[in-house]
Amino acid sequence: QQQQEQAEAAMIYLVGIGLSSPDDITVKGLEIVRKCDRLLLEHYTAILTVDVSKLEEFYGRKVEVADRDMMEIGADDLLEQAKTIDVCVLVVGDPFAATTHTDLITRARQKNIKFKVVHNASIMNAIGACGLQLYNFGRAVSICFFTASWRPDSFYEKLKVNRDAGMHSLCLLDIKVKEQSEENLIRGRKIYEPPRFMTVNQCCEQLLEVEAKHGAGVCGPQTLAVGVARVGSDDQVIVSGTLDQLRTVDFGAPLHSLVLVGAVDEVEKEMLDMYAVNEQTPRLA
């Protein structure tokens, strides 16, 4: 009877843990973390800027690191477990900032598995720290690392729509974790490349290349933008300037994001001026 009651109460939890520090988790989230049977950290749609050991120390328990395969290919296994035990998936930022987690909830509902979501800050709302009003943002875009044979620019049209409407554009920069080279992928070798995190500088260079190709004045050298790094942490960096200026600024360690600025009001302009690049702004060597 006790096992039956446990099974009836079992569910899957998606708990947002914020942007930078172990203590960014909410009180509600921490209570779930400390009582659940299995605890995983989703580790590919976003990356925490502290080591997992720091989370374990703060939570007082072991945290499993879940990669893309576990979260996508192994999603059904997680949900099957959630029929009998409490499974908690920790998500950097907010659970619904990535489609992977929406898919997990959809599957849970289809299988009649109980679920609960605990929200937290993500880059999608914390980007307001740069001084631009959230209701003036248009559609966010993802900027992927270019390769010699793949230089995707489908984001350009979305940026143009935002710009034509006077809206700001949040650019989410690529994260490569546990990625395989083409050769290792073809040969089936489980050898992974070192983690890579796109910088504001790399993003600027790619945007300028795409602008040179399309020429609609969406993201040229004189386009005003704001580069941010480690938003939410004690050492966050926010610098505004043209793309040409920002590509030489040293933003430091990951994670980085970029905003292309649309039409601004007086308050937004004051904030951008406060963060404007100047003689003291650190530069890349």
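Which backbone oxygen does the side chain of His 256 reach at 2.9 Å? In this predicted model, the atom in question is the backbone oxygen of Gly 252. The side chain of His 256 also reaches the backbone nitrogen of Val 200, at 3.1 Å.

His 256 lies in strand 12. Its relative accessibility is 6%, and because buried means under 20%, His 256 counts as buried. Beyond its neighbours within four places in sequence, His 256 is in contact with several residues, including Leu 173, Met 198, Thr 199, Val 200 and Phe 251.

Strand 12 (256-260) also takes part in covering the buried residues of helix 8, as do strand 6 (141-143), strand 7 (169-173) and helix 10 (200-214). Helix 8 spans residues 155-164, and its buried residues are Phe 155, Tyr 156, Leu 159 and Asn 162. Viewed down the helix axis, these residues fall within an arc of 120°, so they line one face of helix 8. Just after this helix, Gly 166 adopts a positive phi of about 75°.

Of its 49 lining residues, the closest to the centre are Thr 45, Ser 142, Leu 172, Leu 173 and Ile 175. The second largest pocket is lined by 21 residues, of which Lys 176, Lys 178, Glu 179, Gln 180 and Ser 181 are the closest to its centre. Helix 4 (68-73) and helix 9 (182-187) are the elements that each give two or more residues to this lining.

Notes. Residues are numbered from 1 along each chain as its sequence is written. This is a predicted model: local features need pLDDT of at least 70, side-chain atom pairs count only at pLDDT 80 or more; totals for chains, interfaces and linings use all residues. Side-chain values use heavy atoms; hydrogens and water are left out. Buried means under 20% relative accessible area, exposed over 50%, partly exposed in between (1.4 Å probe, protein chains only). Helices (H or I, at least four residues) and strands (E, at least two) are DSSP runs, numbered from the N terminus. The arc is that of the directions from the helix axis to the C-beta atoms. Contact means heavy atoms within 4.5 Å. A polar contact is a pair of N or O atoms within 3.5 Å; within protein, one must be able to donate a hydrogen and the other to accept it, and residues adjacent in sequence count only if both atoms are side-chain atoms. On a 1 Å grid over the protein atoms alone, a cavity is a set of points where a 1.4 Å probe fits but cannot get out, and a pocket is an open set with protein on both sides within 12 Å along at least five of seven lines; lining residues have an atom within 4 Å of a point.
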